[in-house]
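Colleague: Please put the model up. I want to go through some side-chain contacts.

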Amino acid sequence: MSPAERATADEPAGYGPDGYFSTLSAGATPVIDADAATPGVAKDGWANTRRIVFGKSGVLSQHSPLTGTASVSGGYKTLAKGPVESVANANSFSDREGDSNIVKSATTSVAADEALLWADNVVTVGFAFSTVTAYTCPGGYTCNSFDSTGYKSQLALVSDVAGATNYSSFEQGLLRVALVEGVCTAQATQGCNSGSYTQQTNSVNDYMVFPLSVGDLNQYAGATNGWLDNVPDSNLACPSNTCANGVSGSWLRTARWNIAGPVFNVQSKGIPFTWDSYESDQGLRPAFRLGLDGLLLSAHSGDQSQVLNAPNSAQPDSLRLTFVDEGKRVSLSKKPYLAESGGVWRVTDLEGVADLEAPSGLGWKIVDPEDDSGVVVASGRTNYDAAAGSDGNMVVPCATLVSGREYDFYAWGQQDGSDSVGWSNRATEPVRGVVTKNAAGTCALKIASPPSYGIEVSGVSSGGLMAYRIGDYDETVFDQTGALQSVRLATPADPVKASVLAAAVAAGGSGVDVDNPVGWVAARWLGYPSDPLSGDTSSASSPYAGSLQLFAQGLAANTGGLSVAGSLPAGTFSSGGTFVLSVSGPGLYLIVDSSGASLPIIVGSKAFNEGVGEDGLMVDFPDAGVHGKPQLGRAVLKTSVVGVSKRVVNNGLQGFDMGASVEYEVALTVPDLVGFSGVTYDAYEFEIDDVATNGLTLPAAGSVRVLMDVDPDSGVASPDVDVTGRLSSSSIVVADKSLTVSGLKALFATDSGGHVANRATVPAGSLVRVRYEATVNVDALVSMPGGGGVHSNLNEATLTRSMAAGGTEGLTVSADVYTFGVDVVKVAMDDATSPLADAGFVVKRHGVALSFVDLGGGVYRKAVPSDVLVTTTLVTGGDGRLALRGVAAGGLVFEEMAAPSGYFKVPGFTVETVPVWNVDASGIELVSYRTAGTPLVYVSQDGHTVVVADPPVGLASLPYTGGVGIALLLLFAGAVAMLAIRPYYLAHCAEATANII
């Protein structure tokens, strides 16, 4: 495998070894395993185990039921790496008590991909194990029950508080919350005194942080000397045999089984002992079970390197952990490389943007994939960390790398932890690269930049744009052509999930999926999904109408629970244009205009298919833009309606076939009639007249609908209240090319004391929407690529309304509809001036053959439903030309069914018509071609036609089955000039159409 092939981003295989836990085998018990590391020194396992900083450290406030402050070291050591099953009868007192059942207990179980860590000191002031009234248990003791139904001991309560306050919310999510073994769960006033550990059970409640059981001291630290005075156990002792905060030891969670009151503890010198549960001189020395699934790096707590002083040295160094915040991504802004200065090699130009809440810099590591020991070769960080008081390491040990070997390089965006928040670092998903060293000793880094995600936004606005990710792409599936076939939308965790759910319910959603509300919204309102389509057609067809717009407005009004995932500054769109709004990764986004001039937009990014081409490609659904399906990665700023506006509902950005239906909407704003005291209701005018050109056929009057966003009777807001039946039967009139809707004032106005006024139930600013479907007919004007002419089929609507001062005014708006042509010319490959007639093709869209009407001479018009004589086989004319008229833009697949005599058939190929829209997406400026599938098909130099070069049979005597390999091999020199046209043209086309390609 080449370095380029291995330099991939977001590889699903994992995050590589972390450098510490990855060196431990499953079931390892590091303290016991290191107990004989120093010859002649007993009980040195703890000293030989690496310290890890985790959670907060310093002087921390105590929380109820405790008061005051306590010193917290933030240090932990690893007792076990799972899986380790619980042992029912571990004995930490065998040196004195032998096989006594009163001192045994079950041990803490550790799951696979999990580690058990124990603090190196207590983290609280002293407190009593139990707060039950003294001397209430049998024998006159304070009870030793850890928890029971409806009861928690003070030790259990303090454990809960420590878990909730001593760690960052991110760290809390890394800790498993579960039952703990080896405790007394008798009623609070009973305690346990059976005389045997067999009275123990698992806890009634789950715990994130907990004290150890007495059996854990033996299982994970090798203790056997319980109750032996003056025999300290260094594996259990507080530092220097003195516990923090003035306490004399730490509580364990296990009862002494022969008396209902005492429990076990560990004295400051490390001696397992028992203590009366009412005593208040013991503290909590917490343990927890840490999940390792997302662990990316264990490194020096200061510079994040792999160079550390030994744990048992005079100045031991600690580890700090970096975990991946799943779904977070980094975009590199420079191409990093390795540079040498003074014999030292460093990672250079490692820079990027991460979608973390407060990114600090970038982290990195190098791993030898041929080394299965779990070590990390080198690691570091780009930034200075104020909490650690250290710059990050950027040095690469080039001298020790093996020449010719490929080392895995990982880089990620990082949010440094701290003593005040929690020491663990948050990381994005890493990007991958390869580090190599040649025979001359030169080290190099090759890294493939991860895909850059962005939304192309067009329009005019004085405000800035903010993008918020409200949905993540999950389970992405691509079809055989590389296009997006399906993608599951998943809702990010709270508070995003809560915000999305609330907005969906407020927008009228019923039965919203509480676990995945954004998936529910997409399936019903966004137009991506449901089969059959949702009844909320306005939402499914447009991000500016219906329930989807209400949902977007609800989110935009309360973005406190959302995280900014991209932005463009105010002034970017002041003169109009198309700009890329960079976002943090693949997903569904809410885009909000800070000026309020544009309505909020819901739009999905394109998906990255790394399997297309050498570097991968951003792709959309193959039918994007067809029948109202939204296009990914594109948005148009849409201002709220002022007076009147008109638009094509079912996504006209790709144009339409002849015979296709075009759904129009004319939106009218209900005026404020406060100043109309001199205008009577009868004299007040408010009507719309819509006029179509010859290329459009208007519908029958009975199919026109009038909708409102509020019920005019009840005043209840709703996105699509059908009020057509409230108009008089003569209100809607269609005559040839004109559609008139009169009497609309009845929906929002009333007679108030002799003058017109707003109805109380319909606020000014409400919308009245006239919806109808026209048909693109055979007289429609056709737009051609490559300078062949752009021709709109215009539809113009005029609102006539009364003015407060008297008289009327007319406000006119329009919407353009396009249909396109495709010109293909068939030529001989060995002589591009020789056209080839009688080549037969079938043209398909989404796998379905299209029907046409033969107009003669190789010219075909897209068939409409009223056509009788239609064909799916299209034959080139005498000039080799195949001309299609009246098709929508986008990709058409040409399959040659019959080649001209003496020539091979070319493989199937795609011709894509690409329209370029103006800044506000109101009209097309130019149209171009793109081709794919075979190098025998290319765009002519003038851009007017697509050339199909057929290889002659005489070029090769071997059987030919449709491939072009042999012919290309034989004619490579002769074809190079002709094929050179295509890359030039595509480069030129890319400049002109950068906003849509």
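Colleague: Start with Lys152: what is its relative accessible area?
Modeller: Lys152 has a relative accessible area of 25%, which means partly exposed. Buried is under 20%, exposed is over 50%, and partly exposed is in between, with a 1.4 Å probe and protein chains only.

Colleague: Before going on, what are the ground rules?
Modeller: This is a predicted model, where local features need pLDDT of at least 70 and side-chain atom pairs count only at pLDDT 80 or more, while totals for chains, interfaces and linings use all residues. Residues are numbered from 1 along each chain as its sequence is written, and side-chain values use heavy atoms, without hydrogens or water.

Colleague: OK. Which side chain meets Lys152 in a salt bridge?
Modeller: Asp160, with N to O at 2.4 Å. A salt bridge here is a side-chain nitrogen of Lys or Arg within 4 Å of a carboxyl oxygen of Asp or Glu. Asp160 is partly exposed, at 26%.

Colleague: How many salt bridges does the structure hold?
Modeller: The count is 35. Among them is Arg469 with Asp355, whose closest N and O atoms are 3.3 Å apart. That pair links distant parts of the chain, 114 residues apart: Arg469 is in strand β30 (residues 465-478) and Asp355 in the loop between β21 (352-354) and β22 (361-367). Helices (H or I, at least four residues) and strands (E, at least two) are DSSP runs, numbered from the N terminus.

Colleague: Are Arg469 and Asp355 buried or exposed?
Modeller: Arg469 is buried, and Asp355 is buried as well.

Colleague: What does Asp713 form a salt bridge with?
Modeller: With Arg759, at 3.6 Å between the closest N and O atoms. Asp713 is in the loop between β43 (705-710) and β44 (717-722) and Arg759 in the loop between β48 (755-758) and β49 (767-776), so the pair ties together parts 46 residues apart in sequence. Also, salt bridges with shared partners join Arg647, Glu663, Glu665, Asp720, Arg769 and Arg771 into one network.

Colleague: Switching to rings. How many aromatic pairs are there?
Modeller: There are 22. One of them is Trp46 with Trp118, edge-to-face, 5.8 Å centre to centre and 80° between the planes. Rings of Phe, Tyr and Trp (its six-membered ring) pair if their centres lie within 6.5 Å; planes under 30 degrees apart are stacked, over 60 edge-to-face, and the rest tilted.

Colleague: Where in the chain are Trp46 and Trp118?
Modeller: Trp46 is in the loop between α2 (30-33) and β1 (51-53), and Trp118 is in strand β7 (residues 114-119), 72 residues apart. Trp46 is buried at 9% relative accessible area, and Trp118 is buried at 1%.

Colleague: What sits over the ring of Trp46?
Modeller: The charged end of Arg285, 5.3 Å from the ring centre. The criterion is NZ of Lys or CZ of Arg within 6 Å of the ring centre and within 35 degrees of the ring normal.

Colleague: And Ser250, which residues is it in contact with?
Modeller: Apart from neighbours within four places in sequence, Ser250 is in contact (heavy atoms within 4.5 Å) with Val122, Asn265, Val266, Gln282, Gly283 and Arg285. Ser250 is in strand β11 (residues 249-255) and is buried, at 2% relative accessibility.

Colleague: Last one: in what sense do β51 and β52 pair?
Modeller: Strand β51 (residues 793-802) and strand β52 (residues 808-817) are antiparallel, over 10 bridges; pairing needs at least two DSSP bridges between the strands. Asn795 stands opposite Ala815 in β52. Their hairpin has 5 residues between the strands, and Gly806 there takes a positive phi near 110°.
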